[in-house]
Amino acid sequence: MSAPARLEFGFGRSAFEELRARTDVFTEVLAIDTRFTNLDGRAARGAIVSGNYFSMLGGGTAIGRPIQGTDTDAVLVLSHRAWRKWYGLNDAVLGSTVTVGRHRFEVIGVARPEFAGVEPLPDFWAPTEGWQRTVGDRDPVVGVVGRLRSGVSPKQATGALTSFARAATQDR
């Protein structure tokens, strides 16, 4: 299996969905958007991610479960670091409600200590749909990470993405 290739493009949600269907270039694509907010009153970095984020990157949880494609509610997974630093490794955080900004989210899991994802380590991950429904951010620009299809070079993928990005920009 090839390693994820970081792409330097930003897309709206509808363009991301189109890109995800591009099976000629990628076997799988995920979306991520970083948000600076607060978590229970502490300055925090959140990663708003597509439902396949943890499964594509092989990220599991120390307790609870990871975000899945079916998560459309206000849920989140804490980083292991945030769990240790702010919640004292207390298992009772699982299933509890925390405040992100002015919104309430349920903690469904805590990432394994070795899992960092693809961005600088966030304090939490929340699913895109749940975030949008709760916070009201309807079409954020997202970063994209793709797993290249066998036989597709990074140069070929960059060319295909450049063409895709131009077409997506012209359609707006």
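Guide: Rings of Phe, Tyr and Trp (for Trp, the six-membered ring) are paired if their centres lie within 6.5 Å; planes under 30 degrees apart count as stacked, over 60 as edge-to-face and the rest as tilted. The model is predicted, so local features need pLDDT of at least 70 and side-chain atom pairs count only at pLDDT 80 or more, while totals for chains, interfaces and linings use all residues. Residues are numbered from 1 along each chain as its sequence is written, and side-chain values use heavy atoms, leaving out hydrogens and water.

By this rule there are seven aromatic pairs. One of them joins Tyr 53 and Phe 54: because the ring centres are 5.6 Å apart and the planes stand at 70°, the pair is edge-to-face. Tyr 53 and Phe 54 are both buried, that is, under 20% relative accessible area with a 1.4 Å probe, protein chains only (exposed is over 50%, partly exposed in between).

Phe 115 and Trp 125 form a tilted pair, with 5.5 Å from centre to centre and 45° between the planes. This pair links distant parts of the chain, ten residues apart: Phe 115 lies in the loop between β7 and β8, and Trp 125 in strand β8. Strands are DSSP runs (E, at least two residues), numbered from the N terminus, as are helices (H or I, at least four). Phe 115 and Trp 125 are each buried. Together, Tyr 53, Phe 54, Phe 115 and Trp 125 make up one aromatic cluster.

A further ring, that of Tyr 87, has the charged end of Arg 42 over it, 5.5 Å from the ring centre. The criterion here is NZ of Lys or CZ of Arg within 6 Å of the ring centre and within 35 degrees of the ring normal.
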